[in-house]
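Take a moment with the model below before reading on. The paragraphs after it walk through the fold step by step.

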Amino acid sequence: MTKKYSQLRAGLVMARASLIATLRSPTSVVFALLFPIIFVTVFGAMVDNTAVKIPVAIAPGSDTSSPVYHALKEISIFSLSKETDSLAQLNALKKGRIAGIIHVPAPVLTSPVPQYGLTLFSSGAVADKRPLIQAALQEVTSRINQQVLRGQPVAAKLDVVTVPGRVYRQIDFILPGQLGFSLLMAGVFGSAFLLFNLRHTLVLKRIFVTPVSRASLLFGEMMSRLVFQIICFIIITALGYFAFDFTLVNGILTFLEMLLLSVFGLVIFTGIGFMISGVIRNESSIAPVANTITVPQILLCGLFFPVENYPVWLRTFCEYLPLTFFVDGLRKIAFEGAHIWQVPVQLGGLTVWAAIVAVLSVKMFKWE
């Protein structure tokens, strides 16, 4: 009696061989692991990245004994400098190196109540920082007025209530983007080059004459990518968590849900690599075609810059890209503490993309 051929076993054997080839490939390791680690380390190591720091200069001749000056020193968003050269200060202001020059004159004592003042010199080069500086200086003048005119009635009053919340760090934005970058590069480039080389060296043609089915071959390649990405995922997330306090709201459960979401991204990006390898006829064409697909997603899908900052027409386009769904889902799960079923938009978008890419990759697969 003939023993039935096991497609599952064949797929696992293919997965093992593909994983070994991936681990031995410097390109796969560099793009999927080394580059994301470098980005995570650079952005995670930024000192005090949760606070706004505005460089402001104190003009020469300012009264450093004035209560206004002491109040300025207590403003946490100001990084004060006391350059003695007024011309150098003015040049730095024009070039945008500092956000403003503040002159604190001596108080005028001609009336029973001393008159304190300050003057802000600003520039069009730093117009975006001017509202923050003006708000902080307004707070200073209000505080001085209350100290000098203690007990006097005020016409309007502002009460600020601070609600406790998680500290949002730069790493909480960057690390999910780098996980997406790792998955994108390893899936698209790794799969495209590997399958092309297997086809070019006639390995796929030899496999074709065996009972191994097309689905088993693609399943094996997908499994090898999954194991490789799990290794990269663990290393990158552990680096962010232990070295730079990356937020995992629910601990290991959050990590596992992020890992589960990455399976959808893996199917999409690896499938795109399969499709590229199926239509390209020479190896030199793989990189340009793959870059045409990956580079726009890297720039437009919120890996380094928030999608909300883009124009409306461009933001609408970006929101439908698979990498946007993936990275947004990771950020909601990691920082906001959402469970995977609580991100239906991202999960639905990834599911639709995965189904489309999976069908097309199988249809476009060629043995030779």
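Is Y241 buried, partly exposed or exposed? This is a predicted model, and in it Y241 has a relative accessible area of 37%. Buried would need a value under 20%, and exposed a value over 50%. Y241 is therefore partly exposed. F242 has a relative accessible area of 68%, so this residue is exposed.

These two residues also form a pair. The structure holds two aromatic pairs. In one of them, the ring centres of Y241 and F242 lie 5.0 Å apart, and their planes meet at 85°. Planes over 60 degrees apart count as edge-to-face, so that is the label for this pair.

Now step back to the whole chain. The protein chain has 368 residues, and 41% of them are buried. Its secondary structure comes to 13 helices and four strands. Now count the contacts with a separation of 6 or more. Of these, 78% join residues 24 or more positions apart.

Most of α6 is covered, with 26 of its 31 residues buried. Just after α6 comes L202, with a positive phi of about 65°. Most residues other than glycine have a negative phi.

What does α6 have to do with the core? In general, nonpolar side chains in soluble globular proteins tend to be buried together. Here, the largest nonpolar core has 60 residues. Helix α6 gives the most to this core, with 13 residues. Other helices that each supply at least two residues include α2 (26-44), α8 (214-244), α9 (252-279) and α13 (344-364). The residues with the most contacts inside this core are M258, F269, I276, L323 and F326.

Setting aside neighbours within four places in sequence, M258 is in contact with L179, F233, F246, L248, L330, I333 and A334. Another core lies apart from the largest one. This other core has 24 residues, among them Y69, A71, V126 and L137.

A charge meets a ring elsewhere. The charged end of R331 sits over the ring of F173, 3.8 Å from the ring centre.

Next comes helix α8. Its 31 residues should span 45 Å at 1.5 Å a residue. The end C-alpha atoms of α8 are 44 Å apart, which agrees. S224 lies in this helix. Is S224 buried or exposed? Its relative accessibility is 1%, so S224 counts as buried. Beyond residues up to four places away in sequence, S224 touches A15, S18 and L19.

What follows α8? Just after this helix, D245 takes a positive phi of about 60°. D245 is a residue other than glycine, and it sits in the loop between α8 and α9. Its relative accessibility is 47%, so D245 counts as partly exposed.

Terms used. Residues are numbered from 1 along each chain as its sequence is written. This is a predicted model: local features need pLDDT of at least 70, side-chain atom pairs count only at pLDDT 80 or more; totals for chains, interfaces and linings use all residues. Side-chain values use heavy atoms; hydrogens and water are left out. Buried means under 20% relative accessible area, exposed over 50%, partly exposed in between (1.4 Å probe, protein chains only). Contact means heavy atoms within 4.5 Å. Rings of Phe, Tyr and Trp (its six-membered ring) pair if their centres lie within 6.5 Å; planes under 30 degrees apart count as stacked, over 60 as edge-to-face and the rest as tilted. A charge sits over a ring if NZ of Lys or CZ of Arg is within 6 Å of the ring centre and within 35 degrees of the ring normal. A nonpolar core is a set of buried Ala, Val, Leu, Ile, Met, Phe, Trp, Tyr and Cys residues joined through side-chain atoms within 4.5 Å. The expected span of a helix is 1.5 Å times one less than its number of residues.
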